[in-house]
Every structure is written in C-alpha cells, then in structure tokens.
Amino acid sequence: MKNFAINMRANAYDKYARWQRPSGRFSTLRKLNNWLVPALCPLCGEVQESSSALVCNCCAANIAPNPAGCALCNDQIENGSICGRCITKPPAFDSLSAPWLYKTPMDELIGKAKFYENYALAYQLGLAAADYFLACYSEPYSEPMPQALVPVPLYIGRLAERGYNQASLIADGISKISNVPVFKNIVYKNLATPAQSTLGVKTRATNLRNSYVAHKLSGIHHLAIVDDVATSGSTFNELSRELKNVGYQRVDCWCLARSKKQ
Ligand SMILES: [Zn+2]
Ligand SMILES: [Zn+2]
C-alpha cells in the first residue's frame, strides 16, 4: 500500500515535470501559465528566464561539470586511465558516469531534492542529466546501452521515514528522455544500515556488506544503477557485486554528481 502511494505521487510529479518542459502542443497555454505563475529558480528564488530550465542562467553558470577521471570509478587521476585504487582492487561495476561535480551549488540542489520532499526537482534533475548519459554511449564511444535502470533501493524503514526514494524519481526522469525502462523490483535492501554520509571512507566499504538482495530477470544482462551522488563509490560497488552474483554481466553506475579527491 505504501509503495502504491509513493508511485502515485511519482506519477503526479511526472505530469508536473512534463508540464515544465514545453513542446509544440499547448505552448500558448504554457506561456499563459508561465506569465500567471512564473517559474522560480530553486536555488536563488529569482524568476527564471525560461520555465523549462532547471535553474536560472546565473546559478547554472556556477554548476561545475564533472571532468573525465578514472575509466572505472571516475575519481580524479594524476596520470594513466585507471586510478591506483582500481588497479589494486577493481570495483564490481564496469563504469561510473556523472555529469556534475558534487560541489556548491549542486550539493544544495541535490539536498533539496533528497531531504525536502521536492519530488519534481528530483525528477527534473533526472531529465536534465539524461542527455549526458546518452552521450556516454554514443559516438565516439559506441557502447551498448543498458537494458534497464535500477534505482538504488532504500531500506523499507528509511523509505517510510522519507516517504519517497529520490533515486527512483531521478531514474524516472532519465528514463523519460532515454527510453530505457526503470525496474524497481530487481533489488531490495534487506538490512537497515547507518547512512553512508555519516561514516568514514573505510567504514563505508563494509557498512553495506550483504545488505542488498537481487534477482535475475531472464533476457536482461546489462543494467545501469541510478543514484544521486557517488562519494566513495561503496554503495554502487556493493550493489553491483550483488547484481553480478545473481548473473548480470555488465553493471554501469549513473549518478547526478561525483565527489572527487581534492
Ligand atoms: Zn538561480
Ligand atoms: Zn578508479
């Protein structure tokens, strides 16, 4: 019942978010709506020049793109294509992609989507990030696209507390543009663990051990896990390990923002 309620809310915001992306149809109505209820930038609160934009031009200029990093974990590297940590201990996933750096103001934007019940913002961040992920698989890379998106699941207690899973809404936004379907029932979290953000890097790696349970769907072998932020990469790593254990051959990781070593 709880899941049903959450899905209904996600669907409602799906409609809202689409309303925010103008297309040819009803464009006059949209212009009228924007004139009556101007869209405000979620960061600075100023009236936006375009209602279809995620943030105003001023704030957009301050969002840092994520520079290329290690071919596996995407962390910063001094030289070569794979970082020392991945050479010593390769991650369970096959790639990690993120369009933005986890720095101000992107951290603030993700925080609003994650902790303040801003469902529409989580969905819109997914819409805004989708083109970046598509580009990662197009020319000149020409990699096969994942067959399904898997949002990082929350433990049922955390889901009830927060009322929604932001990774699910982000995945819905990405799916809307990329047409890659979202599978929300491939994996679930069967253990309550302390939030990764409250732990040090070493404890993060062991905190999630054996906390995810996945099942294999026939005909599906390539997945992309979706989350909001990658810091140590431990969540992606643990989830990928479980997905590979049950038989998925390739697991890519997609998130909005990557925090990198300074
Ligand atoms: Zn702004
Ligand atoms: Zn690496």
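Predicted model: local features only at pLDDT ≥ 70, side-chain atom pairs only at ≥ 80, totals over all residues.
**Reading helix packing and a nonpolar core**

Reader: How many helices and strands does the chain have?

Author: There are 10 helices and seven strands (DSSP runs numbered from the N terminus: H or I of at least four residues, E of at least two).

Reader: How do I read a helix pair, and at what angle do α6 and α8 cross?

Author: In general, you describe two packed helices by the angle between their axes and the distance between the axes. Here the axes of α6 and α8 come within 7 Å and cross at roughly 45° (lines fitted to C-alpha atoms over the stretch in contact, with angles from 0 to 180 degrees between N-to-C directions). The two are therefore oblique to each other (under 35 degrees is roughly parallel, over 145 roughly antiparallel, 65 to 115 roughly perpendicular, the rest oblique).

Reader: Which residues in α6 meet α8?

Author: Among them are Leu125, Ala129 and Phe133 in α6, meeting residues that include Ile170, Ile174 and Ile177 in α8 (contact: backbone-placed C-beta atoms within 7 Å). By class, the α6 and α8 contact has 14 nonpolar, five polar and three charged residues (Ala, Val, Leu, Ile, Met, Phe, Trp, Tyr, Cys and Pro are nonpolar; Asp, Glu, Lys and Arg charged; others, including Gly, polar).

Reader: And how far apart are the axes of α5 and α6?

Author: They are 7 Å apart, and α5 (106-115) packs on α6 (119-137) at about 130°. That makes α5 oblique to α6. The crossing of α5 past α6 is left-handed. Leu109, Lys112 and Ala113 of α5 make the contact with Leu121, Ala122 and Leu125 of α6. Its classes are five nonpolar, no polar and one charged.

Reader: Which residues in the largest nonpolar core touch the most other members?

Author: Of its 60 residues, these are Leu125, Ile170, Ile174, Ile225, Val226, Leu256 and Ala257 (a core joins buried Ala, Val, Leu, Ile, Met, Phe, Trp, Tyr and Cys through C-beta atoms within 7 Å; buried means 20 or more other C-beta atoms within 10 Å, exposed 12 or fewer, partly exposed in between). α6 gives the largest share, 11 residues. Leu256 touches residues including Trp100, Leu125 and Ile170. Across the chain's 262 residues, 36% count as buried.

Definitions and conventions
Residues numbered from 1 in each chain as written. Chains lettered and ligands numbered in written order. Left-handed = near helix turned anticlockwise from the far one by under 90°. Contact = placed C-beta atoms within 7 Å. Lists of a residue's contacts leave out its neighbours within four places in sequence.
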